[in-house]
Amino acid sequence: MDIAGLYETLSAIPAADLSGWQSFFLKFYRAWFMNGRWLQYFEGLLATIEVTVIALAIGVALGVIVAIVRTAYAQQRPGTHNPLLAVIDFIFKIYVTVIRGTPMMVQLLIMGFVVFSSSRNFTFVGALTLGINSGAYVSEIIRGGLMSLDPGQAEAGRSLGLGYFQTMMSIVIPQAFKAILPSLGNEFIVLLKDTSLISVIGGKEVVYFAQAIVARTYEAMFPYIITAIMYLIMVMAFSYLQSILERRLRASDRR
Amino acid sequence: MIDVKGLTKAFGDHVVLNGIDEHIYPGEKVVIIGPSGGGKSTFLRCLNLLETPTSGTITFKGVDITDPKSDINKYRQKMGMVFQHFNLFPHMTIMRNLTLAPMKILKKSKAEAEAKAMELLARVGLDDRATSYPSQLSGGQKQRVAIVRALCMEPEVMLFDEPTSALDPEMVGEVLDVMKDLAKDGMTMVVVTHEMGFAKEVGDRVLFMDGGVIAEQNTPQEFFDHPQTDRSQAFLAKVLM
């Protein structure tokens, strides 16, 4: 007997007469197979990945710019005061303070219902908000990496006659990147999972569809557990990729 | 070659260098000794502006390099620096450590830069380690590579900041040998060190720094045999025990 046939047969039986396994099957069928609902999860999954990638791109771009400007400001030669750099540094400092000082959810609500209240593209507004949020954290991670590197490394580069940015690109950033990769990976995982929050402003990702299915079937367990498993698999896949990258970057550590 | 006038350096309220006037002549080997905190390293680091002087001027071959408008990167190329902790780039092979700056700044071709690097590596007996990473080398080997890295830029002055202080005792000799070799070639050298034997053997002039000033200076012979001030006498009594 095929699955649809089994469902037909079992759903005809009064609920009180079903065995535990039979009612379990019925609930799962309604949460996954019925009306091609599994397609909705994958539609949501696709949107989740899309939002993560957009937010990641925005976050990394913002994070790198903010981190480099703020580090350059902190490390400029005493006596050479660049007023433009000071203004930008001050703006970036406010940005990091505000983003880190307010909850993600509140930022989403403000962006979704105040700043972009007329926009219907909730998913993109969500991705944008997540990206701006992530940028603040990424910038602090990168800044930490740049600052934590032995100053002797930059001094060695400068003493050879390399300029500030040449030293940054060839010496400081490659080493800092290796050092911050675990925290960066952690931030990306947080970002991936935070995409679930954009359902509060109507962003159509996995949680949004899971909630819709719960509303239809009056049954919460399966849709939410399926959602959880989907996130878990994505995070595990990402962690695996990260460990491969870390292993490759460790080439110079061999003794 | 390097002319220092009225150099002072303060970190906040803490005055490290308190007015230094000094001239370093071409081909001269100047050894700087003195107690910790006397300003030796800070003075050396001021010479290539790794520390920005609080006041005073440093003139390199007639150009005031303390002038904010002067392009310091250009003058640093002419002043090789060797650090106490080597500061090799751990993420690059030895060869890449040596060729990075010549290729990026002197615009040498890869082949040209590598040929020069191999020649110098052979001179310090490390031509077989070109493809190793710094972490695979001993301290003495790292410091020899660091010297070669500075030499690859074909500098006119070499600054040494306690080059043997972080080494195991049995490795000090191999690094000093390279430095003596360099001195024989006529390189202008400014060396901060605790190796009194090296100072006696190689130095043309000894500067004794204490309390942020050059408290005494003389030829090594005179300085070690007849120290003039109480401070230098007390210092030598301690280190030459």
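Trainee: How much area do chain A and chain B bury between them?
Mentor: Buried area is the accessible area, taken with a 1.4 Å probe, that two parts lose on being put together, summed over both. Of the area buried here, 56% is on carbon and sulfur atoms. For chain A and chain B the value is about 2300 Å².

Mentor: A word on the background before you go on. This is a predicted model, where local features need pLDDT of at least 70 and side-chain atom pairs count only at pLDDT 80 or more, while totals for chains, interfaces and linings use all residues. Residues are numbered from 1 along each chain as its sequence is written, chains are lettered from A and ligands numbered from 1 in the order in which they are written, and side-chain values use heavy atoms, with hydrogens and water left out.

Trainee: How many residues does each chain give to the contact?
Mentor: Contact means heavy atoms within 4.5 Å. By that rule, chain A gives 24 residues and chain B gives 28 residues.

Trainee: Which side chains meet in the salt bridge between chain A and chain B?
Mentor: A salt bridge needs a side-chain nitrogen of Lys or Arg within 4 Å of a carboxyl oxygen of Asp or Glu. The count between chain A and chain B is one. Its N to O distance is 2.6 Å, and the partners are A:Glu155 and B:Arg45.

Trainee: Which element gives the largest share of the side of chain A that touches chain B?
Mentor: Helices (H or I, at least four residues) and strands (E, at least two) are DSSP runs, numbered from the N terminus. Two elements of chain A give two or more residues to this side: helix 7 (151-159) and helix 8 (164-194). The largest share, seven residues, comes from helix 7 of chain A.

Trainee: Why does the salt bridge of A:Arg100 and A:Glu140 tie together parts that are apart in sequence?
Mentor: The closest N and O atoms of A:Arg100 and A:Glu140 are 3.8 Å apart. A:Arg100 lies in helix 4 (residues 83-101) of chain A and A:Glu140 in helix 6 (residues 122-148) of chain A, so the parts they tie together are 40 residues apart in sequence.

Trainee: Which residue stands opposite B:Asp64?
Mentor: Strand 4 and strand 5 of chain B run antiparallel and are joined by two bridges. In their hairpin, two residues lie between the strands, and B:Lys61 takes a positive phi near 50°. Opposite B:Asp64 in strand 5 stands B:Thr59.

Trainee: In the sheet of six strands, which residue stands opposite B:Val82?
Mentor: This open sheet of chain B has the order 6-7-8-3-9-10, and its pairing is mixed. Strand 6 runs parallel to strand 7 (residues 157-161), with four bridges joining them. The residue opposite B:Val82, in strand 7 of chain B, is B:Phe160.

Technical notes: Pairing = 2+ DSSP bridges.
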